[in-house]
Structure formats: C-alpha cells, structure tokens
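Hello,

Here is the structure I promised to pass on. Please have a look, then read the notes below.

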Amino acid sequence: MKDTYISALAKQLVEKTVEKKIAEAVLERLSKKDLKRLLFYLKKELVQKQVYVSSVDKLDLETLKTLQSIFKEKEIVSISDPDLFAGIRIQDNDMIYDFSIKDKIKRTIHSLTQTV
Amino acid sequence: MKPEELIQQIENKLLTIDTTPSVANVGLVQNVGDGIVQASGLSLSGYNEEVEFENGIRGLVLNLNEDSTSIALLSNTTAIKEGDTVKTTGKILGLQVSEKLLGRVVDAVGSPLDGKALKAEGTFYPLEKIAAGVTERQSVDTPLKTGIKAIDAIVPIGRGQRELIIGDRNTGKTAVAIDTIINQKKKDLNLRQVVCIYCAIGQKRSNIARTIGVLQDNQALDYTVVVAASSSDPAAMQYLAPYTATSIAEYFMDKGQDVLVVYDDLSKHAWAYRQLSLLLRRPAGREAYPGDIFYVHSRLLERSVRMADENGGGSITALPIIETQAGDVSAYIPTNVISITDGQIYLETSLFNSGTRPAINVGLSVSRVGGSAQTKEMKQVAGPLRLELAQFREMAAFAQFGSDLDEKTQQQIERGKRVIEILKQPQYQPFNEAFEVLSIYAASSGLLDEVPVEKISEFETQMLELVNVKNKKLVEKMSSGDKMDEKTLEELKKVITQAKKNFM
C-alpha cells in the first residue's frame, strides 16, 4: 500500500472517525510491512495530539491546569520518572523543554569539562 | 583594570553555569546503515546543520524529507541503534582556527590526529562559506614559486590562482605539490612567506604518514597544516576535508597572508560525495555522480582568491590534484575540474617511465593567468625556451632519420634534447629563481650544445655550485626578478662558458 494511504488511515484511526468493524477489516488485510508503517504513523499522530510531562511525583492540579492552558487542544499525559531528581520535563511532539535537575547536572558537568 | 581583577573576572565568567531550562528539538533514529541515519522528528533541523546523538556522536543533516531527516555520521561507529534520540544543535559545521594549527595534523572537523592535545581557541570558521565577490578581489600578479623549473618557466602559478595537477597514478602529482610546499621555506624574490595547507582525501594512511614525514624532514611542517581524511574515514569526513582546509586557509588569508592549499585528490573527493549521494538516494547522473558534483567542486575552488589590498590583500592559491584513469582527461570529473581551474599541469606516464621527472607534458600544460605573475627575468628566458620546445616537438618525429637531416634541423633537435634534459629535476630539491633562470638560459641560448646530453644534469650541478661560490653578486642581482640587461646577460654567458671549460 502507498505511504500516503497508510498515513491517511492512521489519521482517521486516531481521530476515531472510522467504525471499529471497518477498522478491523482493514487491519486484517494489511501485510506485516504495512502494519509496521501504520504503527509508525499512528504513534506519530498520537505524539502530535499529546504532551508528555515527566516528573518524579504526580503532578498537582494547579500545574496541570497551567500546562493545559499552555498546550490547548492537547492531552497532557503525566509520566513518573524518578531519574529526574526534581523538576519536570515536557515533550511536545519533537520539542523537549527540560526543567529537571538531571539535565542541569548534565549541563554543569559539560560546562566544567569545557572550561577545564 | 588591574590584572588581578581581570583574572577574577575571567575566572567568574568561566565558572558561571547556565541555569536556564534547555530546549531541544529531538528526533528518533529509524534506521542506520553505511554511515547514514534516517531519523524522524527533528522538525526544526536545517540543511547542513550539525546534530548530536545521545552518546555524543556527531552527524550532519544532508537531506530534509517530508517525514524524516537523513544524517551523515561524522565518525565510524556501531553505537547507534534504532530508537536512539538525536537532537539539533543549532550550529552549522565549522572549526576553531588559530595559529596553533600550524605544524599540526587535524581531521575534517578540526580534531587533532597527531596524538597531541589541541586547543585552537581562535576564531570560528564555518566549513561552507560563500566565496569573495568580484569587487573584493584583485587580479593575480604575484608569483607563487614552485621551485620546479618546468612549472615556473612554462606554466607559472600566481598567488590566488587555481592550477590543476592532473595525471595517472604514479606520475608524481603529489611530488609536484610537496616540492611546492617545501619551496615555500625560502622567501624567494623577497616575497611574503606562504602558509601551506595539505589536504589528504581518501588516501592510504601509510601514504599520508609518508607525506607528513617528508614535510617534517624538510622543515616544511612548521608553516604547514595537514588536514587528513583517509580512505578508512567515513565518506562524510572525506567529503568535508577540502572545505575544512579552505576554512583554515581563509583564516590566514583574512589576516592578510598568502596561503597555498593542496587538495590531494579531488577524484577521491568526488567518489566520497558520490557514495554519500547514492546512499542518500539522490538521483544519479553521468558515471553515477550526483547532479551537483560540478557545484561541489566549483564552490570549493571559487574560494581561492586574491583579495584586494583594501580587503587585506591576502590570497589562497589552490593546487587541486586529479587522478585520471589510463590517461583519460575527457572523463567527467577531470573535464569538470579542468574547466573550473585557471590551468593545468599535465603529467604523463610515458614521460615518467622514460626518466623525464617531473613528468610534465609541456605541450598540454597551460596556465591561464600565471603569465602576468611571472617575473621579468623569467619571462625573458621562458620565451625562447617555449620556442625551442615547440620547434623540438615539431622536429622530434624526424629525429630517427639522424644524419639524413639538414644541419639546422639536427641542431634544433640536439638543442631540444638539452632543453628537455635541463628541465629534469630531482624530487625535494626546488630551485630558487636565480638558479632556474641560469639553467634555462644556459640551455635555450645554445650554450650547452657542446655538452653531451647525458651529462647535462652533472654539468648543471657543477655550474650552479660554481656560480654560488664565485659569483654571489650575480646571484643576488638575479634574485631581484628584474629584467636582465645586456651586461648581466654577458656576465651570465661568461659564467656558463667558464663552467663549461672546467667541466670539459
């Protein structure tokens, strides 16, 4: 199947405009190679509709509200990541805004190695 | 400001840590193969932008597709796998250039290859730069002495010129370039010191090591920078190496210095770019080279200029080398580079095998702008030399008839043989202007007609020794580059006749 068709199908599936039965029938007919591509486009579509926010603890309501007001029309997905030490890390599509201590430590080490 | 305060300020500045949140545009590796990575995301990446993988490996964005980005890796690595993240850096590829690079061997991104630490800490120079405009330049009028008689007399090179060295394998192309670098050690004709850059592209590491050894042995490395991308380096590095060499050259040129860059060789550079282009699935054209292969070389060589005095007056002279296959100069890359450059030095296998070294075919070699950079005295002796050689070429076919020829023709053939003989020169022994003029004058004026052809080289050595010891004033006079007057010519004749007497 052509790449453009698969990408259109992924869009339709994400927007939930396709009936479940039809979707299942289409998926049955797809080859493994096409399914792999569909998976790639589905993930891509989802990533565009969601914002992933990583933090050590669960996000409080106020932070969530603030984030929602910044990323309108996008779903905020909260991820727990103890590796961050503190702070949050926001991934919106292919942009990453890092406010975590982990990133700061990483950059401090880099800055010091560059100076010395 | 007191020095203590200054030190404190610098220390504070160095120790300040950036605490602003980091913003990165990232992508995910989709597939890796043959030094090319396809990555999704990276929506903000630009063409020719440097990107960084999570383990610090660097790459160069070469294709921007609808859903993905093609990245050429700048190191040989197996550490990248599907799903790895890659982020944009917002930087275009470039390097820090300073005087500290002199005497060093670096790779295409400016990292040292000679095992010593290097902190260039100079000015940032991007690898790709638009060449100087027409009004910023001036015409070529200063000679760049190669120290090779045949080149300085027949195909002279000027500072800011691009002269192609072309020939089959094992014809002495690199030797000509290395001799030219070695010759820059002496400040002949009271000209400015030339900074040299030797750029090795796609060569065997053993060859590069040998060349560096030769430069070192001849104390030429002190004013030379070697940029090396060997055949085992990634194609991207081989593709970038000449641009790096030119960027380094531009630093010295911007300081008003004269620079010589040797690209050894552009055939292999074209191969590396062809490899990259095919792997990037760009359409293949003639001989499978991509459509922009001409532009790749023309934009590189256009950066060799002679700047106007108000712009610093520096220059970059380029000596690109092209290796032909079975003497075929009409192949794609040779014709491209011939048309880009301001002339070519054509080296022939048959001449090389017959003992004519450097194996320059003086009939096919040309210099389109170098004539105006030749000194007056060289012009004075090069004119008759060209005539003698042209006549000899015409008559050479009849040489086999021997005694059946009339006396004049025989004499022309004999003189031609001596001229050819005097143009021979051992490797790594560049001549200065005065000795070049003396030797050429001796042969073309007919003063060597009585010396046997096979003894010309021996006689030349003795004659130059004699002049160097007994006629220092004459050598000094000839080192000025001014036109020789009747008196000087008489003196020259006298010296040559004396040397001949001693020799015979």
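**Two domains of chain A**

Five residues of domain 1 of chain A touch four residues of domain 2 of chain A, contact being heavy atoms within 4.5 Å. Domain 1 covers 3–47 and domain 2 covers 49–115; such bounds come from an automatic or database domain assignment. Taken over C-alpha atoms, the two domain centres of chain A are 30 Å apart.

A word on the source. This is a predicted model, in which local features need pLDDT of at least 70, side-chain atom pairs count only at pLDDT 80 or more, and totals for chains, interfaces and linings use all residues. Residues are numbered from 1 along each chain as its sequence is written, chains are lettered from A and ligands numbered from 1 in the order in which they are written, and side-chain values use heavy atoms, with hydrogens and water left out.

**What the interface holds**

Domain 1 and domain 2 of chain A bury about 440 Å² between them, 52% of it on carbon and sulfur atoms. Buried area is the accessible area (1.4 Å probe) that two parts lose on being put together, summed over both.

On the domain 1 side, helix α3 (residues 32–49) of chain A gives the largest share, three residues. Helices (H or I, at least four residues) and strands (E, at least two) are DSSP runs, numbered from the N terminus.

Leu95(B) lies in strand β7 (residues 94–97) of chain B. Is Leu95(B) buried or exposed? It is buried, at 4% relative accessible area. Buried means under 20%, exposed over 50%, partly exposed in between (1.4 Å probe, protein chains only). Beyond four places in sequence, contacts of Leu95(B) include Phe124(B), Tyr125(B) and Ile248(B). Val109(B) is 14 residues away along the chain, yet the two C-alpha atoms are separated by 6.3 Å.

Ser45(B) sits in the loop between β2 (36–41) and β3 (49–53) of chain B. Ser45(B) is buried too, at 9%. Its side chain reaches the backbone oxygen of Leu42(B) at 2.8 Å.

Best wishes

Technical notes
A polar contact is a pair of N or O atoms within 3.5 Å; within protein, one must be able to donate a hydrogen and the other to accept it, and residues adjacent in sequence count only if both atoms are side-chain atoms.
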